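Colleague: I have a chain and a ligand on screen and would like to go through them with you. Can we start with the terms and then take the parts in turn?

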Amino acid sequence: EAHLKSNLPLAGKKALVTAGPTYEPIDPVRFIGNHSSGKMGFAIAEELCKQGAEVVLVCGPSGEKTINRSIVRIDVGSSVEMNAAVQQHFKESDITIMGAAVADYRPKEVAREKIKKESSEFMLELVKTTDILSELGKIKRSGQVLIGFALETENEEENARKKLQKKNLDFVVLNSLQDSGAGFKTDTNKVTIIDKDAGIEKYPLKTKSEVAKDICNKIIQLYNV
Ligand code: CTP
Ligand code: CA
């Protein structure tokens, strides 16, 4: 099979993709999560694979399944676990795409036993999670391509540009929630890609597989990896 793959644009490249939500534990039976389906990250993993890359997919809890047998899938639960898995594979990765909807906060302490209902009010103390993508941006070597997503509801492009710069990304994929049919649970997405050299491309509403193609083609076009 290797000789068939060698003609593909991303042949010989290693890719690391994250997908899905993270579940931040509160106690043995509860967590803080979000509605990310994982579909976008899974579609990216499949497309990178089709283009010839060796893909590691780190995914939070998701019902999605990988199709291509050569994708190495690592299932994680919390942001701490996702960070550990990502750190383990980043150094050897040529292309890293952080598609996961990582929780921004986690419970400061995880209760050892199931929390009982007692008083009429209950306060949960939260602390910031590690920003996995920002950490990767700090250790990125030249030649490594680092891509993040940005989910915004206001000043979309300006905020996405800030994330691009702050996290030292090569490009950021801005998810537009403006149009219906774009976002977390759907099979479609509407994105804008903003690169570090101020290039900007707006795409129409497409299926997530088509968006994944656009992202991969952008990588090949801009960075010739
Ligand atoms: N991200 C991450 N680790 C976190 C939070 C976010 O790696 N703890 C990554 C996401 O995977 C995404 C990018 O950072 O690729 C942007 O995520 P987003 O939620 O849009 O932005 P934040 O930086 O978390 O800022 P905010 O939610 O306040 O807009
Ligand atoms: Ca966030």
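Modeller: Contact first: two residues are in contact if their C-beta atoms, placed from the backbone, lie within 7 Å. This is a predicted model, where local features need pLDDT of at least 70 and side-chain atom pairs count only at pLDDT 80 or more, while totals for chains, interfaces and linings use all residues. Residues are numbered from 1 along each chain as its sequence is written, and chains are lettered from A and ligands numbered from 1 in the order in which they are written.

Colleague: OK. What is K114 in contact with, leaving aside neighbours within four places in sequence?

Modeller: D27, P28 and V29. K114 is in the loop between β7 (105-107) and β8 (126-128). Strands here are DSSP runs of E with at least two residues, helices are runs of H or I with at least four, and both are numbered from the N terminus.

Colleague: Is K114 buried or exposed?

Modeller: Exposed, because 10 other C-beta atoms lie within 10 Å. The cut-offs are 20 or more other C-beta atoms within 10 Å for buried, 12 or fewer for exposed, and partly exposed in between, with C-beta atoms placed from the backbone.

Colleague: Where does UniProt put the "binding site" feature?

Modeller: The unreviewed UniProt entry places it at D104, K114, F149, K163 and K167. UniProt positions are given in the numbering used here, feature names are shortened, and annotations may be inferred rather than shown by experiment. These positions are spread over 64 residues of sequence and also in space, up to 37.5 Å between C-alpha atoms.

Colleague: And F149, buried or exposed?

Modeller: F149 is in strand β9 and is buried, with 22 other C-beta atoms within 10 Å. Not counting residues up to four places away in sequence, F149 touches M98, G99, V173 and N175.

Colleague: Different topic. What is the strand order in the open sheet?

Modeller: The 8 strands run β5-β4-β1-β6-β9-β10-β12-β13, with mixed pairing. Two strands pair if DSSP finds at least two bridges between them. β5 (72-75) and β13 (200-202) each have a single partner strand, so one side of each is left without a neighbour in the sheet. Neighbouring strands are turned by 15° against each other on average, direction ignored; axes are lines fitted to C-alpha atoms, for helices over the stretch in contact, and angles run from 0 to 180 degrees between N-to-C directions.

Colleague: Which strands does helix α5 touch?

Modeller: α5 (residues 156-166) packs on the sheet against β9 (145-152), β10 (171-176) and β12 (191-195), and its direction makes about 150° with that of β10.

Colleague: What about β6 and its partners?

Modeller: β1 (residues 14-19) and β6 (residues 95-98) pair in the parallel sense over 4 bridges, with V17 opposite I97 and A15 opposite I95. β6 and β9 are also parallel over 4 bridges, and I147 in β9 is the bridge partner of I97. Both faces of β6 are covered: I95 and I97 on one side, T96 and M98 on the other, are all buried.

Colleague: Last one: which residues come nearest to ligand 1?

Modeller: Of the 15 around ligand 1, M98, V102, I132, L133 and G148 come nearest. A residue is near a molecule if its C-beta atom, placed from the backbone, lies within 6 Å of it. The elements giving two or more residues to this shell are α4 (132-139) and β9, and β9 gives the most, with 4 residues.
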